[in-house]
Amino acid sequence: MREQRQELAGLARVAVDRPRWQLAFTVVVSVWSLAWVVGQVSGAPSPLDVLPARWAGLPTGWLDAAAGWCAGRTGPLAVAGGLLWAMTSPRRQASAPLGWLAVMAAAQDVGYDAVKWALLVLAVFLAVMGLVSIPGRRAFVVDRVVVMPKDVARAGATAVALSAVVPLVAPGLALARLVAPYLTRPPRPARTPIARPTSAERTRPVGTPGDLPEPLPVPRAGS
């Protein structure tokens with residue numbers, strides 16, 4: 001149980017460990033995708049239907065025009081969404097929210113089935129990579145680029161987790177900000193400064209560049 005909590009905490013830290021502009025972009029996609037996913041429980045709205053333009057009294061003509069344009073055109077973007085999810089890694093997390101945008105664009109044409117198609121593409125890609133990695137399962141000393149089963153499993157699990165957590169980024173950040181003042185954190189360990197010798201104590205090894213040779217004694221006359 002403790003290990004599971006540590007893994008969840010590590011996943012949460014990785015999910016928000018990104019540049020600020022990218023985190024802000026992810027928060028926007030998170031709010032939009034979460035509203036769309038939750039809305040499937042009642043009414044099954046399209047991604048454009050959950051935008052606040054209608055209930056806020058803003059002009060909605062552009063929404064109708066965009067929905068009409070997407071009909072019959074954006075369905076194949078579900079494949080792109082699945083591939084974008086597959087390429088997600090801790091250092092390349094921008095592909096996860098982009099994948100959600102592609103899936104929601106496809107959903108304007110094919111509905112919530114766009115998520116199923118994207119997940120199917122992701123699963124097929126991981127299965128193909130798993131088959132490709134079979135010859136490298138016995139690789140011991142790697143001196144070339146090779147696909148190994150353990151690396152495929154680890155990368156695939158990370159891609160799935162970081163993509164699935166996108167709709168939860170915004171509520172997670174809000175919850176963390178809400179409870180932060182009420183948390184008691186353990187004291188940080190004190191760092192002992194490293195004592196450095198003073199200039200008088202610093203010795204210079206003999207023979208180093210810049211050292212002048214010791215003067216030789218001058219013989220006296222008559223000696």
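Tutor: Start with a definition: accessible areas come from the Shrake-Rupley method with a 1.4 Å probe. The model is predicted. The chain exposes about 16,500 Å². Carbon and sulfur atoms supply 65% of that area.

Student: What percentage of the residues count as buried?
Tutor: 25% of the 223 residues.

Student: How many helices and strands?
Tutor: There are 8 helices and 0 strands. The pattern along the sequence is α-α-α-α-α-α-α-α.

Student: And what share of contacts join residues at least 24 apart?
Tutor: 65%, counting contacts between residues at least 6 apart in sequence.

Student: Switching to H4 and H5. At what angle do their axes cross?
Tutor: Roughly 165 degrees, and the axes come within 8 Å. H4 covers residues 77–86 and H5 covers 95–110. Angles over 145 degrees count as roughly antiparallel, so H4 and H5 are roughly antiparallel to each other.

Student: Left-handed or right-handed crossing?
Tutor: H4 and H5 cross left-handed.

Student: Which residues meet there?
Tutor: From H4, Leu77, Ala78, Gly81, Leu84 and Trp85. Their partners in H5 include Leu98, Trp100 and Val103. By class, the H4 contact with H5 has 11 nonpolar, 3 polar and no charged residues.

Student: New topic: Val147. Where does Val147 lie?
Tutor: In the loop between H6 (113–132) and H7 (149–164).

Student: What does Val147 touch?
Tutor: Leaving out residues up to four places away in sequence, Val147 touches Met129, Val132, Ser133, Gly136 and Val152. The C-alpha atoms of Val147 and Ile134 are separated by 8.1 Å.

Definitions and conventions: Residues are numbered from 1 along each chain as its sequence is written. This is a predicted model: local features need pLDDT of at least 70, side-chain atom pairs count only at pLDDT 80 or more; totals for chains, interfaces and linings use all residues. Side-chain values use heavy atoms; hydrogens and water are left out. Axes are lines fitted to C-alpha atoms, for helices over the stretch in contact, and angles run from 0 to 180 degrees between N-to-C directions. Helices (H or I, at least four residues) and strands (E, at least two) are DSSP runs, numbered from the N terminus. Angles under 35 degrees count as roughly parallel, over 145 as roughly antiparallel, 65 to 115 as roughly perpendicular and the rest as oblique. A crossing is left-handed if the near helix is turned anticlockwise from the far one by less than a right angle, and right-handed if clockwise. Contact means heavy atoms within 4.5 Å. Ala, Val, Leu, Ile, Met, Phe, Trp, Tyr, Cys and Pro count as nonpolar, Asp, Glu, Lys and Arg as charged, and the others, Gly among them, as polar. Buried means under 20% relative accessible area, exposed over 50%, partly exposed in between (1.4 Å probe, protein chains only).
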